[in-house]
Number of protein chains: 2
Amino acid sequence: MLRSLAAACAALLATAALADEGMWTFDNVPQAAIQEKYHTSLPKPWLDKLQRSITRFESGCTGSFVSPDGLVLTNHHCAMSCLSQLSSSTANYVDDGFNASTRAEEKKCPTQMLSVLVESENVTAKVNAATTGLADAKANEARKQALSKLEAACTESAKRRPGGPLACESVTLYQGGQYYLYKYRRYDDVRLVFAPEHAIGAFGGDPDNFNFPRWSLDFSLMRVYDKGKPARTPNHLSWRQEGPKAGEVTFVAGHPGNTSRLLTVEQLRFQREVSVPSYLVRNSELRGRLIQWGKTGAEPERIVSPYLQNVENSLKVNRGFQTALLDDSLFARKTVQERELRERVKTDPKLADVVGDAWNDAATAQERYRQIYDRYLYLEAGAGFNSKLFNHARQLVRGAAERSKGNEQRLREYADSNLPKIASGLLATTPIYPDFEQVTLSFSLDKLREALGPDNAVVRKLLSQESPDSLAAKLVTESKLSDPAVRKTLWEGGVAAVEASTDPMIVLAREIDDEARAVRKIYEDEVQAPVASAQERIAKARFAVYGTNTYPDATFTLRLSYGAVAGWVEKGQPVEPFTRLSRLYERATGKDPFRLPQKWLDARDRLDMSTPFNFVTTNDIVGGNSGSPLVDSQGRVVGLAFDGNIHSLAGNFWYDPEMNRTVAVHPAIIITALRDVYGAKGLADELLGTH
Amino acid sequence: MLRSLAAACAALLATAALADEGMWTFDNVPQAAIQEKYHTSLPKPWLDKLQRSITRFESGCTGSFVSPDGLVLTNHHCAMSCLSQLSSSTANYVDDGFNASTRAEEKKCPTQMLSVLVESENVTAKVNAATTGLADAKANEARKQALSKLEAACTESAKRRPGGPLACESVTLYQGGQYYLYKYRRYDDVRLVFAPEHAIGAFGGDPDNFNFPRWSLDFSLMRVYDKGKPARTPNHLSWRQEGPKAGEVTFVAGHPGNTSRLLTVEQLRFQREVSVPSYLVRNSELRGRLIQWGKTGAEPERIVSPYLQNVENSLKVNRGFQTALLDDSLFARKTVQERELRERVKTDPKLADVVGDAWNDAATAQERYRQIYDRYLYLEAGAGFNSKLFNHARQLVRGAAERSKGNEQRLREYADSNLPKIASGLLATTPIYPDFEQVTLSFSLDKLREALGPDNAVVRKLLSQESPDSLAAKLVTESKLSDPAVRKTLWEGGVAAVEASTDPMIVLAREIDDEARAVRKIYEDEVQAPVASAQERIAKARFAVYGTNTYPDATFTLRLSYGAVAGWVEKGQPVEPFTRLSRLYERATGKDPFRLPQKWLDARDRLDMSTPFNFVTTNDIVGGNSGSPLVDSQGRVVGLAFDGNIHSLAGNFWYDPEMNRTVAVHPAIIITALRDVYGAKGLADELLGTH
């Protein structure tokens with residue numbers, strides 16, 4: 001314990017470059033540290049090519065181009081939404097996998113959108129200029145307006161770009177220390193090429209998730225199309241079939257979603273005492289309801305499976321958070337760091353003047369958040385209305401109201417730059433299952449009543465004559481919003497259409513909107529605004545005291561992590577970094593989630609049992625990095641990140657070089673699977689560049 | 001916050017008599033404090049009569065004699081197990097209530113056993129003599145043997161007692177500061193007399209549980225029989241129909257189950273970091289599975305209802321524990337108390353020599369407990385095998401093995417003094433529902449695998465060819481243990497019969513018994529033994545430093561609490577102590593759990609809407625006190641304890657005089673219900689003593 005504590009303090013307080021720590025922006029790669037430890041340098045062309053080879057899955061993953069014809073390598077679990085949206089009671093691509101033997105058979109994913117980061121622009125000065133001298137709540141509004149305005153102007157100008165239009169998104173780094181515009185090339189014709197059966201793609205299921213040793217063939221292939229043809233992707237990664245050696249340096253490029261390493265002690269305390277416990281209890285019950293409902297038939301089981309996988313994954317993540325947050329040494333470490341920074345600020349009167357009492361301001365805001373947390377969570381953040389139909393209804397109701405305002409006056413998610421995404425989700429033909437909707441909606445209404453109490457005004461409004469079950473049944477069976485044409489009419493009809501609608505889900509969304517907006521307003525003015533201001537000032541303190549040789553918290557934007565292939569020591573026992581095919585067969589039970597698909601049972605005799613399967617590295621990654629390639633110093637694919645070990649969950653709060661590991665699929669097992677199990681020689685050749 | 005902190009410190013560090021704190025043994029009632037605050041004294045005859053009027057429900061509740069004919073007043077929720085055991089698909093006494101219009105119609109509860117404490121005997125010196133000079137593990141064994149021996153001798157001698165035989169149980173008070181033999185008169189013919197419908201008995205259900213204001217008619221009536229006739233109970237309580245006034249002193253006599261007020265800081269930390277989080281996640285999922293299964297039909301709903309009510313109640317209790325444990329001020333307070341006691345011990349070399357490093361010894365044991373917690377919980381404590389059939393199987397397997405040993409060599413729960421209880425539970429004709437068994441067993445096998453991991457030896461043994469679902473189905477459908485005659489044969493057949501059995505549940509219990517006993521042995525020798533030794537020494541320190549004017553932690557033995565009718569201030573708003581009938585009707589929604597039974601809708605016009613319904617007092621109680629009478633200074637019933645407010649859950653760790661409240665049913669609404677709603681005039685008269 002003490003050794004890691006000391007190591008972590010040293011790393012975090014100084015340059016964070018001693019361990020293999022950090023999710024670094026591409027313009028601030030710690031070259032010196034990499035050179036010193038791994039004797040490798042990453043020249044700009046190397047970085048540029050890698051950047052252009054990485055795709056962001058807007059659904060929350062990463063992928064990479066692995067052929068000149070737009071072929072994208074990602075995880076099986078990143079293809080789950082596409083697989084389940086394309087499936088039906090007669091074609092189950094989740095269970096049975098998918099294998100397009102020709103390009104004509106590649107199937108368009110209904111809602112998948114991929115983005116490639118092309119350029120970025122530092123707009124920190126412009127944003128700061130808009131907020132200077134304003135009180136917190138006003139500054140918060142002005143900041144949002146400035147960001148919406150910058151995005152709109154950027155997108156407008158990028159329309160006329162020779163290489164094709166770009167989509168602009170503002171990005172906040174270092175919690176307000178820097179603001180950027182990131183400009184993406186978007187691909188919205190994304191087709192499914194190959195996915196193994198769920199049983200092998202997620203072998204071990206929830207029991208093995210976040211564990212290692214591991215045997216998951218968690219890969220899939222997609223292809224981006226441009227004007228109906230496979231997109232040209234000259235920037236793509238080549239394949240190194242034999243994979244990396246133990247101890248070899250590896251780089252992960254991708255889009256880590258979210259970390260909390262720069263939070264104040266009081267913000268962490270909020271997670272420990274309020275949000276994480278609330279999450280765990282609520283979603284554990286949901287898990288139980290989903291599992292039991294899935295047992296009522298084959299079709300329920302099929303419908304529930306991808307959703308349940310997400311819930312179980314998030315539960316494990318949050319249990320990891322809880323374990324980390326309940327470890328008093330984490331708080332001790334963070335407290336020491338915070339005290340040290342505050343002391344350093346005090347010694348510089350000018351800096352002290354800028355920073356003010358930022359930590360206490362953040363703490364006060366956190367206290368306010370505690371008071372409104374349940375109201376915010378259940379009414380505004382949607383925990384009370386867990387239903388796709390309700391989500392559509394809210395977007396229609398809010399979308400109509402917001403679009404009637406000027407771009408900068410809207411709620412941020414309805415800014416012009418974001419409308420295409422909203423419209424695309426709203427109008428897509430994705431299945432909605434009424435029985436499943438009733439399960440999740442009834443559950444969430446029950447929790448709404450539990451959290452706010454039966455005498456709360458909204459609860460009385462909804463449930464004074466109904467039970468959660470009867471209300472959910474009524475809403476789901478009577479709403480017509482499962483029809484995309486109905487949604488289209490309402491979306492295009494705007495305020496008048498939405499106000500005239502008698503669809504019960506629209507009525508519900510309308511009826512609770514005032515209360516939901518009211519608590520959002522409190523949240524934005526009294527929590528978000530002072531926190532944003534405090535964090536901006538703390539970021540200034542950090543830059544002033546520690547310099548800019550640090551990395552920002554993850555924000556689902558492009559980052560680079562460096563590390564090496566290495567096991568770790570678990571309770572005194574060494575964990576070897578590689579697993580091999582033979583043990584997969586030994587662990588198979590014949591029953592989910594340890595069931596091997598028939599193709600793997602049939603292929604057993606012709607496979608090399610020593611083929612490496614999964615392996616671990618010291619790369620510092622987090623959810624959102626799923627599907628990221630691991631590349632070697634020559635930029636070749638040597639692995640596919642799909643998970644972390646159980647200790648990596650504490651990575652939300654700090655990086656522990658001794659225990660935190662990335663878990664990857666080995667390139668050899670991917671080729672073996674394609675060629676020797678699935679007869680997909682063409683795809684294997686495309687990956688190997690030998691076709 | 002600070003004010004309660006100071007108050008609590010003062011109370012706990014000194015005599016614990018300033019606030020209305022404490023669950024006091026009847027031989028150590030704080031007469032001076034009661035006299036000073038409430039100008040009331042409790043003479044010995046008053047206490048003796050009260051003691052003889054209180055019954056312990058062996059299922060975990062309290063009741064009291066309220067007529068000379070053995071009539072027992074308790075909670076509706078304390079009658080749930082009897083109501084559901086007597087119900088079937090054609091007679092639903094849970095939903096519809098039960099009302100015996102003549103004594104001939106009173107129905108015997110299949111497994112209910114009631115006990116009345118008649119005498120007690122201090123055996124501290126004898127127990128201490130047996131352990132003196134032994135190392136922890138040896139002392140632990142010797143202590144158990146001594147207690148088994150004392151119980152056996154006591155029971156033997158009580159057989160020849162003129163007033164009828166008594167059952168002897170050893171009791172550990174002050175965590176080993178004192179040992180007692182408690183001698184009970186047992187009643188095993190307990191009949192159901194009256195219960196209202198579940199909808200009004202538990203009006204508000206889980207949402208209202210542990211909340212106030214409240215409208216729950218949580219009472220029921222039973223009657224103890226002796227040789228087939230209503231037992232004579234000259235010691236019984238009389239009824240004060242108008243109830244208590246605001247501010248009036250009230251006493252609660254009953255059997256509080258368990259508190260953790262004397263635990264060390266490291267023991268509390270274990271609860272915060274290990275046991276409570278584990279409990280919440282596991283049982284929240286179980287709750288979800290039960291709720292969803294209950295929706296598959298009317299019969300599942302009926303079967304699941306009482307079980308679900310227990311799960312939801314325990315979940316709320318544990319959420320309350322979590323909230324208390326995550327409040328750093330609790331730990332600050334406990335740390336201060338502990339430091340103070342340790343400092344005081346140091347100043348007395350002789351005492352310091354006796355106490356040694358007790359706190360560190362307990363901490364070391366706690367650390368060991370962390371390492372084996374999941375194994376202990378899932379294999380030995382049964383969390384991996386959540387099934388009545390399995391419980392029977394384990395009792396048969398263990399019971400056979402243990403009974404072949406001498407009384408003092410057995411696992412404590414198989415000591416002679418406890419065998420009648422075990423046999424009675426094992427041989428009782430209570431329904432076992434195979435579908436429900438599969439739900440809970442499959443769930444627990446799933447959690448077993450999750451906790452111990454798929455590569456654990458026991459998990460491999462059970463699940464290398466099966467899923468939790470398929471194994472549970474096989475075990476439940478193929479086992480014959482649901483037949484009491486089969487259980488009887490095995491129980492009576494002993495080791496030979498059990499070893500010859502091929503019943504799959506018996507086979508399972510046999511197969512895991514070595515592993516389960518192995519981890520129990522570690523637990524007993526390396527956790528329980530050093531903790532028992534440390535706690536005994538800390539108890540000695542407390543007696544030496546603070547004297548004996550304190551109360552022990554609750555142990556499901558008879559206690560007295562004093563307090564007064566009083567509301568509290570919630571977030572700046574006063575909460576009035578009484579609720580009235582009128583608001584019950586206003587809160588009714590027509591749907592469970594806020595549905596009023598038809599009888600109450602029909603009776604509305606003839607009821608006095610100002611009738612008091614529920615009320616709160618400052619009495620310090622805890623689970624197990626459910627069903628306890630509240631009596632006034634003349635010993636008359638002025639209420640029926642059935643719950644605490646949400647703040648009372650922190651009462652597991654400390655008593656907060658400002659916030660902690662007992663919630664009770666008012667005597668007036670009980671009489672109103674019996675007479676004016678249910679037409680049970682005879683029972684009303686029996687309570688009022690006017691028949």
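Axes here are lines fitted to C-alpha atoms, for helices over the stretch in contact, with angles running from 0 to 180 degrees between N-to-C directions. The model in all these views is a predicted one.

**View 1. Helices α15 and α16 of chain A cross at roughly 145°.** With that idea of an axis in hand, look at α15(A), residues 388-403, and α16(A), residues 419-427: their axes come within 11 Å. The crossing is a left-handed one. On the α15(A) side, the contact is made by A:His392, A:Gln395, A:Leu396 and A:Arg403, while α16(A) brings in A:Leu419, A:Ile422, A:Gly425 and A:Leu426. Sort these residues by type and you get 4 nonpolar, 3 polar and 1 charged.

**View 2. Helices α25 and α26 of chain A run roughly antiparallel.** Here α25(A) covers residues 667-677 and α26(A) covers residues 681-688; the two axes come within 7 Å and cross at roughly 150°. Angles over 145 degrees count as roughly antiparallel, so that is the label this pair gets. α25(A) goes past α26(A) in a left-handed crossing.

**View 3. Over in chain B, helices α6 and α7 make a right-handed crossing.** The axes of α6(B), residues 124-131, and α7(B), residues 136-158, come within 8 Å and cross at roughly 140°. The pair is therefore oblique. B:Lys126, B:Val127, B:Ala130 and B:Thr131 sit on the α6(B) side of the contact, facing a set in α7(B) that includes B:Ala139, B:Ala142, B:Arg143 and B:Leu150. By type, the contact residues come out as 7 nonpolar, 1 polar and 2 charged.

**View 4. Chains A and B meet through 48 residues from each.** Between them the two chains bury about 3,900 Å², and carbon and sulfur atoms give 47% of that.

**View 5. A 180° rotation puts chain A onto chain B.** The shift along the rotation axis is 0.0 Å, and the superposition gives an RMSD of 0.0 Å. That is how a two-fold axis relates its copies. Both chains use the same surface for the contact, with 100% of the contact residues of chain A recurring in chain B.

Terms used: Residues are numbered from 1 along each chain as its sequence is written. Chains are lettered from A and ligands numbered from 1 in the order in which they are written. This is a predicted model: local features need pLDDT of at least 70, side-chain atom pairs count only at pLDDT 80 or more; totals for chains, interfaces and linings use all residues. Side-chain values use heavy atoms; hydrogens and water are left out. Copies are superposed by least squares on the C-alpha atoms of residues with pLDDT of at least 70 in both. Contact means heavy atoms within 4.5 Å. Helices (H or I, at least four residues) and strands (E, at least two) are DSSP runs, numbered from the N terminus. Angles under 35 degrees count as roughly parallel, over 145 as roughly antiparallel, 65 to 115 as roughly perpendicular and the rest as oblique. A crossing is left-handed if the near helix is turned anticlockwise from the far one by less than a right angle, and right-handed if clockwise. Buried area is the accessible area (1.4 Å probe) that two parts lose on being put together, summed over both. Ala, Val, Leu, Ile, Met, Phe, Trp, Tyr, Cys and Pro count as nonpolar, Asp, Glu, Lys and Arg as charged, and the others, Gly among them, as polar.
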